[in-house]
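Take a slow look around this protein with me. We'll stop at a few places along the chain and then step back for the whole view.

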Amino acid sequence: MGAIPSVFDLDRLVLALSDAFDLVGVDKTGHSRRVGLVAARIAEDLGWENGEIRTLLRAALLHDCGVSTTGEHHDLMGALRWADSVEHCQRGAGYLSSIPELAVLAPMVAEHHTAWTNLCNRGVDEGVALAANLICLADRTDALLQGGATPGRDLVAALKSHGGYFAPQSLAALDRLSRCEAFWFALDEPVLSEALARLTALGPPQLLEAGAVVRLAAVVGGIIDRKSPYTECHSGGVAKVSVLLGRAMGLCEATRRGLEIAGYLHDIGKLRIPDELLDRQGALDAADRLRMARHAFDTRVILTHAFGPGAIADWAAFHHECLSGNGYPFHLKEGDLCLEARIVAVADVFQALAQHRPYRAPLTPDEIAALMDGMVFAGKLDPQVVAACKEHLEECWAAATGG
């Protein structure tokens, strides 16, 4: 199933998380990648140093990390300015500031929808102001493109019409770049990803130890859970129960770290699910069930990009698989499911049952144990993992509920 590495590449993680946050748009993906490339190209034209461009690129790729709902995404792609634009900027900056390795990006993300004249009038640090406004310019460029604008100087003229919103030097650079058709063609895949790969290689790789990745995963888990009011603290609870069960079953520390990361990120594919579908309380039709089932598939794709194939990606993505083969979306059977994947599946069920839902109160530990026994009998959950859970029932309850 793949080994857990001792170190992780930060830029690989940033690119994968950028793709995950872009899933919130549902039907328009790749927004942050395009923003990153446009911003980097403008910075190159302005003569920025490689290190500055690399930092700018990371901030551009994560500029929408404060957006969890499709409603917010619709607003931010639909207009240059809107009433609540500052909220997701500040929220995203808060997330990034809590991660030491990414905290330097927080000021840029906090200001990435602030008009240039306002940045100047408030005395924001010049470097932060220019970087944030450059991200804003790239962001609005892609919003116009996705809205149907024709690439070229007319698009730049539309941006120039918003007097004082963008830094003059950045607009001038975009105007120069816009005259070259290849600038626009490079925003399409696969050239886009190839260009970003070259840009992230501008300096030596920045490697994170597992503990730092756990902290990063915990923040992302909170972003995922914000997608719906009914999933508050779900990802954190799954991570903590997974670690507890891994310890109870004698797994080594490195594997427990991998389980913790997988627990925090197991639902990252849910960012694609429209808000109204995720919060729906009634029965789903076949099409909606298929859309819901896709989240585990998307989780595997994203985490494979972040961590490589197997291990963490599979442990997280297989949380709806069953030993009987009747789970989803891969319909794996008992022989295909490693112990770690079975642990995350049990932790996911336990936390969901221990959490309040609009249609029921939280179940008691004994009620959860009885239900899981039934799921073992039905071939859904692993009997040994459930037995370990029952042996540590109160501890699992505390881990799942934060008690």
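Pro190 sits in the loop between helix H11 (181-185) and helix H12 (191-200). Helices here are DSSP runs of H or I with at least four residues, strands are runs of E with at least two, and both are numbered from the N terminus. The bond linking Glu189 to Pro190 is a cis peptide bond, with omega about 5°. Before we move on, a word about what you're looking at: this is a predicted model, where local features need pLDDT of at least 70, side-chain atom pairs count only at pLDDT 80 or more, and totals for chains, interfaces and linings use all residues. Residues are numbered from 1 along each chain as its sequence is written, and side-chain values use heavy atoms, with hydrogens and water left out.

Now head for Pro329, in the loop between helix H18 (311-317) and helix H19 (339-354). The peptide bond from Tyr328 to Pro329 is cis too, with omega near 0°. That loop between H18 and H19 also holds His331, whose phi is positive, near 55°, although the residue isn't glycine. Ala311, in helix H18, has a positive phi as well, near 40°.

The cut-offs are simple: buried means under 20% relative accessible area, exposed means over 50%, and partly exposed is in between, using a 1.4 Å probe and protein chains only.

Let's hop to Ile99, in the loop between helix H5 (85-97) and helix H6 (106-110). With a relative accessible area of 5%, Ile99 is buried. Leaving out neighbours within four places in sequence, Ile99 is in contact with Leu216 and Val219; contact means heavy atoms within 4.5 Å. Ile99 and Ala212 are 113 residues apart in sequence, yet their C-alpha atoms are 8.2 Å apart in space.

Leu216 turns up again in the contacts of Leu102, which also touches Leu10, Val14, Leu62 and Leu96, not counting residues up to four places away. Leu102 is among the residues with the most contacts inside the largest nonpolar core, a set of 133 residues. Such a core is made of buried Ala, Val, Leu, Ile, Met, Phe, Trp, Tyr and Cys residues joined through side-chain atoms within 4.5 Å. In soluble globular proteins, nonpolar side chains tend to be buried together.

Trp397 is partly exposed, at 23% relative accessible area. Besides Phe350, its contacts beyond four places in sequence include Ala354, Pro362 and Ile368.

Time to step back. The protein has 22 helices and two strands, and 57% of its 403 residues are buried. Among contacts between residues at least 6 apart in sequence, 71% join residues at least 24 apart. The C-alpha atoms fill a box of roughly 65 × 45 × 40 Å along the principal axes. A compact globule with 403 residues would have a radius of gyration near 22 Å, and the protein has 22 Å, so the two agree. That radius is taken over C-alpha atoms, and the globule rule is 2.2 Å times the number of residues to the power 0.38.
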